[in-house]
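Here are my notes on the model you sent. They are set out as numbered points, to be read beside the structure.

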Amino acid sequence: MQIADEVYASIWRRIVAYLVDYALLFAVLIQYLVSVVTRGFPYNLLKTGLQIELWILLTVSLPVWLYFIFSEHSAHQATFGKRLLSVRVTRVTGARISFAQAILRTAIKLLPWELTHLSLMLPVPMWWDPTPNMRVGIVIAYVLLGVYVLVMLLNRRRQSLHDMIAQTVVVETRK
């Protein structure tokens, strides 16, 4: 599929690029969190699910959000995973995305991830809950992920929901 002389990235390229980014971020963040936890901070100070959630937001979510926002708004228009898979994010017109589009796209793309965090931590962390049940937010997060993939499958530009709302597309990088 094409926009002018651009070819829309395949769904598999997009998914593999995301998994590469996820693995990279996971490795970096886990290394950081392990070094923090082995020193006993901050978990010896965090006593509520809200405190833990805020810590996760600042130390895990925020760096991940910034990675996607700044990478996709950069001159490369791509994260490391997208660059590795030779794809980039553009406006539907083919131009570089704005900073606001990068923020909006990232917020919607990572919504299932954030719902999972919130569901695991609030009102009390799942591992402290005396009657742990499946939490509704986790179910919603997985349904959203399914919707994101389904939407990509059902449109000619291979846009996911976050692309449609932010008016972006993912295209193959010109050789």
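1. Helices (H or I, at least four residues) and strands (E, at least two) are DSSP runs, numbered from the N terminus. This is a predicted model, in which local features need pLDDT of at least 70 and side-chain atom pairs count only at pLDDT 80 or more, while totals for chains, interfaces and linings use all residues. Residues are numbered from 1 along each chain as its sequence is written, and side-chain values use heavy atoms, with hydrogens and water left out.

2. Overall make-up. The protein has seven helices and four strands. Read from the N terminus, their order is β-β-α-α-α-β-α-α-α-α-β. Contact here means heavy atoms within 4.5 Å. Among contacts with a separation of 6 or more, 68% are between residues 24 or more positions apart.

3. Burial and surface. A residue is called buried under 20% relative accessible area, exposed over 50%, and partly exposed in between (1.4 Å probe, protein chains only). By that rule 42% of the 175 residues are buried. The accessible surface is about 9800 Å², and carbon and sulfur atoms hold 72% of that area. Accessible areas come from the Shrake-Rupley method with a 1.4 Å probe; for residues, only the protein chains shown count as cover.

4. Nonpolar patch. Leu58, Leu62, Leu66, Phe70, Phe99 and Ile103 make a nonpolar surface patch of about 540 Å². Helix H2 (49-73) and helix H4 (99-109) are the elements that give two or more residues to this patch, and H2 has the largest share, with four residues. Patches are made of residues with over 30% relative accessible area and no salt bridge; like charges are joined within 9 Å, and nonpolar side chains (Val, Leu, Ile, Met, Phe, Trp, Tyr) within 5 Å. A salt bridge is a side-chain nitrogen of Lys or Arg within 4 Å of a carboxyl oxygen of Asp or Glu. Phe99 belongs to H4 and is partly exposed because its relative accessibility is 35%.

5. Packing of H5 and H6. Two packed helices are described by the angle between their axes and the distance between the axes. For helix H5 (residues 111-121) and helix H6 (residues 136-153), the angle is about 170° and the axes are 8 Å apart. The axes are lines fitted to C-alpha atoms, for helices over the stretch in contact, and angles run from 0 to 180 degrees between N-to-C directions. H5 and H6 are therefore roughly antiparallel; angles under 35 degrees count as roughly parallel, over 145 as roughly antiparallel, 65 to 115 as roughly perpendicular and the rest as oblique.

6. Residues at this pairing. The H5 side includes Leu111, Leu115 and Ser119, and the H6 side includes Gly137, Ile138 and Tyr148. Ser119 is buried, at 9% relative accessibility. Apart from neighbours within four places in sequence, Ser119 contacts Arg135, Gly137 and Ile138.

7. Backbone points to check. Most residues other than glycine have a negative phi, and most peptide bonds are trans. The bond joining Leu122 and Pro123 is cis, with omega about 5°, and Pro123 sits in the loop between H5 and H6. Ser86 has a positive phi of about 60°. Ser86 lies in the loop between helix H3 (80-84) and strand E3 (87-91) and is buried at 17%. Gln167 also has a positive phi, near 60°. Gln167 lies in the loop between helix H7 (161-166) and strand E4 (168-172) and is exposed at 51%.
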